[in-house]
Amino acid sequence: MATIYEEITEQMKAAMRGKDTVALGALRGLKTALQNAQIAKGNVHDELPPTEVMNVIRKQIKQREDSIAMFEQAGRADAADKERAEIGVLSAFLPKEMTEAEILPVLEAVIAELGATTKKDMGRVMKEMQARTEGRAPGKLLSQLVGSKLS
């Protein structure tokens, strides 16, 4: 199975061959962000663990979502559309997100194990939920579900 780094390189080659400038720009940005994260860890030659790679990808997507909001405020629909297309390219590298129906049983188990009952326990429950869902559950959805279960 190809590593994420090899997959990015292959997709960059395909984007170059297909003259897909949007995908190429998104992939180059992602590759640079991954290299910067490797440098920050202390060694550019060691690949990041998959969880850290996913965090970098999510950060790239978040940056583009922020850009979309700013472009739309400025009336730049063309630039916002380009950012949306880049999000589509980057999202392909993330695992499928969990649905609410998939999250709820895990949440019930975590609340039972931790004995959480009030909003004061929300931090502990959120930390455990993020560990168990391995980043496949959107943070906002997790927060809403945890908040609704703890009264």
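Which residues have the most contacts inside the largest nonpolar core, and how many residues does this core have?

Author: The model is a predicted one. The largest nonpolar core has 25 residues. Those with the most contacts inside it are Ile4, Ile8, Leu30, Leu34, Val53, Ile57 and Phe93. Helices H1 (4-17), H2, H3 and H4 each supply at least two residues of this core, and H2 gives the largest share, with 7 residues. Nonpolar side chains in soluble globular proteins tend to be buried together.

Ile57 shows how the core is joined. Leaving out neighbours within four places in sequence, Ile57 is in contact with Ile4, Leu30, Leu90, Phe93 and Leu94. Of these partners, Ile4, Leu30 and Phe93 are themselves listed among the core residues with the most contacts.

There is also a second, separate core, which has 15 residues, including Ile111, Ala116, Ala137 and Leu145.

Gln38 sits in helix H2, which spans residues 21-41. Gln38 counts as buried because its relative accessibility is 6%, and the cut-off for buried is under 20%. Apart from residues up to four places away in sequence, Gln38 touches Tyr5, Asn43, Val44, Asp46, Glu47 and Leu48.

Ala137, named above as part of the second core, also belongs to the lining of the largest pocket. This pocket holds about 490 Å³ of space. Its lining has 18 residues, and Arg58, Glu97, Ala137, Pro138 and Gly139 lie nearest the centre. By type, the lining divides into 7 nonpolar, 5 polar and 6 charged residues. Helices H3 (50-73), H4 (77-91), H6 (122-133) and H7 (139-149) each supply at least two residues of the lining. H3 gives the most, with 4 residues.

Of its 151 residues, 32% count as buried. Among contacts with a separation of 6 or more, 54% are between residues 24 or more positions apart. The C-alpha atoms fill a box of roughly 55 × 40 × 25 Å along the principal axes. The accessible surface comes to about 9300 Å², and 55% of this surface belongs to carbon and sulfur atoms.

Key. Residues are numbered from 1 along each chain as its sequence is written. This is a predicted model: local features need pLDDT of at least 70, side-chain atom pairs count only at pLDDT 80 or more; totals for chains, interfaces and linings use all residues. Side-chain values use heavy atoms; hydrogens and water are left out. On a 1 Å grid over the protein atoms alone, a cavity is a set of points where a 1.4 Å probe fits but cannot get out, and a pocket is an open set with protein on both sides within 12 Å along at least five of seven lines; lining residues have an atom within 4 Å of a point. Grid points are joined across faces, edges and corners, and a volume is the space filled by probe spheres set on the points. Ala, Val, Leu, Ile, Met, Phe, Trp, Tyr, Cys and Pro count as nonpolar, Asp, Glu, Lys and Arg as charged, and the others, Gly among them, as polar. Buried means under 20% relative accessible area, exposed over 50%, partly exposed in between (1.4 Å probe, protein chains only). Contact means heavy atoms within 4.5 Å. Accessible areas come from the Shrake-Rupley method with a 1.4 Å probe; for residues, only the protein chains shown count as cover. A nonpolar core is a set of buried Ala, Val, Leu, Ile, Met, Phe, Trp, Tyr and Cys residues joined through side-chain atoms within 4.5 Å.
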